[in-house]
Each structure stands twice: as C-alpha cells, then as structure tokens.
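This report concerns a single protein chain.

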Amino acid sequence: MTAVRSRSARHPNVTRTESPSSSTSGWFRALRRAGPSSAVAVLCCCLPAIPVLAQPILPQQDPENERRLGLWLDEAISVSLSPTKSLEFEFHQRFDEGASNLFEYFFQGGPGFRPRPWLLVIPIYRYQRYPGDSYTPYEQRLLLNITLSATRGRLRPILRTLTEGRFPANRIASARIRLRPGIEYTLPLRVTHRPVVVVNNEFFIVLGANSFAAGSNFTQNRFQAGIRLPITESVSIRPYYMRQSVHPPTGWDGNGVLGISLALKL
C-alpha cells in the first residue's frame with residue numbers, strides 16, 4: 001500500500017501555520033521549562049494592565065460647560081422685513097478659566113415671526129465650535145424659540161421656551177428644552193432712552209438620552225441679572241452677571257460669568 005504523504009511533504013516550500021491552541025500550549029510549555037521565577041515576572045508585568053482594562057470609559061462632559069470665572073460676549077442683529085417678520089442673527093464668543101481661554105463660539109440665525117404682539121417664534125440653525133475639544137470639535141443644532149411677553153406699566157414679564165435638537169460630532173444626538181422665565185423693569189429716569197433692568201432664570205432639561213455625561217436630566221441652571229442701556233433707538237448694550245450651575249456625574253458645580261450683549265436693530 002502506498003503511504004499518503006502530508007501536505008507539507010507534497011509541497012516542501014509551504015510552511016504550516018500553527019493553530020491558536022497549539023501556539024498557546026507551546027507558550028505555556030516554554031514558560032514551565034523556564035521555571036517559576038519567569039512565571040512570576042510575567043505575572044508582575046501583566047498586573048498593572050488589569051485596572052486599565054477594568055476601568056469603564058465614561059462619556060465626556062458637555063464641552064459647553066465652562067470652568068472658573070467666565071466672560072461671555074454676544075452680538076445680535078435684527079433686520080426688520082415687515083411689522084410681523086424679521087431676520088435674526090447672533091454671534092457668541094465665550095471665554096473661561098478666568099476669561100483667558102476661548103472655549104466656545106457659535107453663530108446662529110433664522111426668520112422671526114410675530115403673529116401676535118405678545119408672541120415671537122424663531123426657528124434657528126446654529127453652528128458651534130469647541131476649540132479645545134479634539135473629539136467633539138463642533139456641534140450643529142436645530143432650535144425653536146417661542147417667546148411670550150406682556151407689558152404691564154413699567155414691568156414686562158417674559159417666558160422664553162427654547163427647544164433644541166443637538167447633533168455633536170462623534171456623539172449621539174439628543175433633545176433638550178430650556179425654560180427661561182424672567183422680568184424686565186424700565187427705570188423711571190428722565191432721559192430719552194431709559195435703562196431697563198433684566199432678571200431671568202433658565203432651566204435646562206434633557207429629554208431622553210443625553211449626548212454627554214450628566215448627573216440627571218436636569219443638567220444646568222443659569223440665573224442672570226443685568227441692565228440694558230439703550231444708546232440710540234436701534235443700538236443697546238447690556239452688561240450682566242450670571243451664576244451658572246451645571247450637573248456633571250460627580251454632582252452640582254457652579255461658577256460666575258460676566259457678560260456683555262450688544263444689540264442692533266435695522
């Protein structure tokens with residue numbers, strides 16, 4: 001009977017690759033022959049990697065949350081098209097770390113509609129940049145601004161509801177609603193353009209899944225107080241102070257913000 005030759009015998013130039021099981025068993029045989037001291041050395045080299053492998057990778061905190069005292073600047077332009085329609089544009093620059101670091105800036109715009117004197121509706125598109133974040137350097141948002149207001153003498157109560165669809169780079173999309181009740185009071189001064197005191201508080205509520213790590217669905221709160229100083233009929237400036245509280249997974253944290261808003265009506 002003619003013996004059947006193996007594949008390696010028929011093809012001497014072909015090198016047979018060992019299976020994973022045979023390679024592993026051969027590695028253990030070599031380690032056993034080397035003695036217990038070598039086994040202990042290999043084990044000591046592997047131990048430091050265990051905590052790294054076991055540590056969970058947590059989602060990054062929201063890059064729009066600043067750190068330490070901040071400086072926020074914004075410029076708003078409103079272009080009137082008719083008594084009930086306008087175009088609204090805003091530019092924002094935000095600094096943190098004691099106003100030394102530009103951590104966020106964005107542009108947004110959309111058409112404004114006033115179906116009633118007390119109702120303003122603005123669908124908005126926003127493009128936002130985070131210069132210090134290499135993983136999520138930008139974010140796009142679709143927003144709907146619905147603002148209710150009424151004038152009662154010198155008082156003007158306001159309720160702004162801002163619904164946001166957030167689409168950050170390399171992260172899941174999420175939805176958020178921002179409720180900002182506030183009040184304005186026109187100072188009884190004998191000047192042509194009277195200053196207006198502005199006070200409001202804004203609540204941030206995430207609806208469902210969040211794009212970033214947070215301690216709860218109530219992710220942020222902003223209390224703001226300032227004074228709007230009309231320069232002309234179409235130009236005003238508003239310095240303000242804001243106390244920002246954010247809710248990362250470690251618990252609530254807060255910091256102060258100094259802000260300057262410039263508004264232009266055309």
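## Terms and basis

A residue is called buried when its relative accessible area is under 20%, exposed when it is over 50% and partly exposed in between (1.4 Å probe, protein chains only). The model is predicted: local features need pLDDT of at least 70, side-chain atom pairs count only at pLDDT 80 or more, and totals for chains, interfaces and linings use all residues. Residues are numbered from 1 along each chain as its sequence is written, and side-chain values use heavy atoms, with hydrogens and water left out.

## Confidence

The protein chain has a mean pLDDT (the predictor's confidence in each residue, from 0 to 100) of 84, and 78% of its residues reach 70 or more. Over residues 1-24, pLDDT stays under 50, and the model has 2 contacts (heavy atoms within 4.5 Å) beyond four places in sequence for them.

## Asp 133

Asp 133 lies in the loop between β4 (119-129) and β5 (138-149); strands are DSSP runs (E, at least two residues), numbered from the N terminus. Asp 133 is buried but has no salt bridge, a term for a side-chain nitrogen of Lys or Arg within 4 Å of a carboxyl oxygen of Asp or Glu. Arg 171, the nearest side chain of opposite charge, is 6.0 Å away; Lys and Arg count as positive, Asp and Glu as negative, and His and the chain ends are not counted.

A polar atom of the Asp 133 side chain lies 3.0 Å from the backbone nitrogen of Tyr 135. For the backbone nitrogen of Thr 136, the distance to a polar atom of that side chain is 2.7 Å.

## Pairing of β11

Strand β11 (residues 253-265) runs parallel to β1 (residues 70-82), with 9 bridges joining them; Leu 73 has Ile 260 as its bridge partner. Strand β10 (residues 235-246) is antiparallel to β11 and joined to it by 12 bridges.

Key
Helix = DSSP H or I, 4+ residues; strand = E, 2+ residues; numbered from the N terminus. Polar contact = N/O pair within 3.5 Å; in protein donor to acceptor, adjacent residues only side chain to side chain. Pairing = 2+ DSSP bridges.
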